[in-house]
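Me: I would like a close look at one strand and the strands it pairs with. After that, please go through a few loop residues one by one.

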Amino acid sequence: IYSCCYLNRRLNQLSSHDPLWKRHCKKYWLISEEEKSRRNQSWRAIFISTYSDLGRYIHYYATLKKAWDDLEQYLGQWCPRMISSLKESVREEDLDAVEAQIRCKLPDDYRCSFRIHNGQKLVVPGLMGSMALSNHYRSEDLLDIDTAAGGFQQRLGLKQCLPLTFCIHTGLSQYMALESVEGRNKYEIFYQCPEQMARNPSTIVMFITGTSYLEWFTSYVNKVVTGGYPIIRDQIFRYVHDKDCVATTEDITVSVSTSFLPELSSVHPPHYFFTYRIRIEMSKDALPENACQLESRYWRITNAKGDVEEVQGPGVVGEFPVISPGKVYEYTSCTTFTTTSGYMEGYYTFHCLYNKDRFFNVTIPRFHMVCPAFKVSTA
């Protein structure tokens with residue numbers, strides 16, 4: 001009995017030892033020394049009070065909080081006007097009310113994210129990235145919980161699917177399946193793609209973008225804050241650049257980034273739409289007399305079946321850019337494939353401005369375009 005009393009007393013002393021709670025506060029709730037000072041509480045009291053509010057999210061909170069903090073810091077530096085579109089957190093009872101409204105359970109990682117930020121206002125630019133072509137523009141907002149609940153689907157083809165994003169220009173959304181129905185996996189995230197050749201209008205093909213909310217959101221944020229997506233005109237553009245996709249000819253370097261556009265693609269009939277962004281740059285150390293002008297382009301386009309198409313023509317997108325030391329020229333174009341993947345390569349022909357009889361070719365590196373994984377509807 002004496003040993004049990006001593007053991008219990010010792011355990012009580014240990015559980016009250018404040019430094020032990022410091023590690024848990026930092027690990028699970030990301031509480032800093034500065035925040036502890038502001039709250040004027042012990043580490044133990046902070047852990048207990050936070051756990052009483054966010055305990056069900058203990059396995060998600062630190063990961064999602066860090067993602068949001070990193071994203072806010074990055075936006076503050078590169079896209080400051082986007083910060084003002086973020087909405088404050090919601091309460092547990094707000095999330096419970098949404099579950100009662102849609103009669104479906106929300107995954108805990110999704111709920112946890114909304115305890116940190118309730119998405120954003122319906123504004124442009126959207127937090128979840130933009131894409132622009134000459135006659136097409138998309139910018140996706142991260143929906144707040146009430147707007148998402150209002151768009152909850154029960155119609156055939158999208159049964160029990162909750163929209164996560166929305167583009168006010170195209171009406172495009174990314175959806176999360178809240179149940180495993182119609183060939184979907186529970187909590188899978190996707191773009192819908194109507195089956196254009198089916199008689200049943202509810203037949204939907206999915207372009208899959210994530211297997212869970214946590215994976216979907218944190219992988220996107222990581223791509224943004226590490227510079228994987230370029231910032232163009234104060235917006236995040238979802239172009240992906242392969243670091244090996246660079247070619248240098250003399251003083252000129254050409255690099256390419258690409259993006260798949262689900263809203264302009266279809267599986268049946270097979271029509272996979274890609275856009276690519278080309279960057280042409282002359283070294284700042286080049287001699288001034290090396291300035292030159294682009295005359296023409298040559299493309300060799302190969303699909304997944306090995307079919308080859310060759311394209312040759314003057315300029316690029318109707319322009320004949322001049323490149324001089326330290327100068328950069330960028331442009332965007334697009335292509336389609338009848339296969340889920342393909343690649344392009346080629347060269348630009350330039351002429352020297354100070355020796356107009358001299359022409360030379362600049363290599364365009366081979367760049368691959370691959371459609372994301374998709375599922376064909378079971379309807």
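Reply: Asp-234 touches Trp-78, Cys-79, Pro-80, Arg-81, Met-82 and Pro-125, leaving aside residues up to four places away in sequence; contact means heavy atoms within 4.5 Å. This is a predicted model, in which local features need pLDDT of at least 70, side-chain atom pairs count only at pLDDT 80 or more, and totals for chains, interfaces and linings use all residues. Residues are numbered from 1 along each chain as its sequence is written, and side-chain values use heavy atoms, with hydrogens and water left out.

Asp-234 lies in the loop between strand E9 (231–232) and strand E10 (235–236). Helices (H or I, at least four residues) and strands (E, at least two) are DSSP runs, numbered from the N terminus. With the side chain of Arg-81, the side chain of Asp-234 makes a polar contact at 2.7 Å. A polar contact is a pair of N or O atoms within 3.5 Å; within protein, one must be able to donate a hydrogen and the other to accept it, and residues adjacent in sequence count only if both atoms are side-chain atoms.

Now to the strand. E14 (residues 292–303) pairs with strand E15 (residues 308–314) in the antiparallel sense over 7 bridges; two strands pair if DSSP finds at least two bridges between them. Opposite Tyr-298 stands Gln-312 in E15. The hairpin of E14 and E15 has 4 residues between the strands, and Gly-306 there takes a positive phi near 90 degrees.

E14 is also joined to strand E18 (residues 341–352), by 11 bridges, and the two run antiparallel. Here Leu-294 stands opposite Phe-350 of E18. A further antiparallel pairing, over 2 bridges, links E14 with strand E16 (residues 322–323). Cys-292 has Ile-323 in E16 as its bridge partner.

Gly-228 sits in the loop between helix H10 (213–225) and E9. Why is Gly-228 called partly exposed? Its relative accessible area is 24%, and the class lies between buried (under 20%) and exposed (over 50%), taken with a 1.4 Å probe and protein chains only. Gly-228 touches Lys-223 and Tyr-239, not counting residues up to four places away in sequence. Its C-alpha atom is separated by 6.6 Å from that of Val-240, 12 residues apart along the chain.

Ile-168 is in the loop between strand E5 (165–166) and strand E6 (174–177). Ile-168 is partly exposed because its relative accessible area is 42%.
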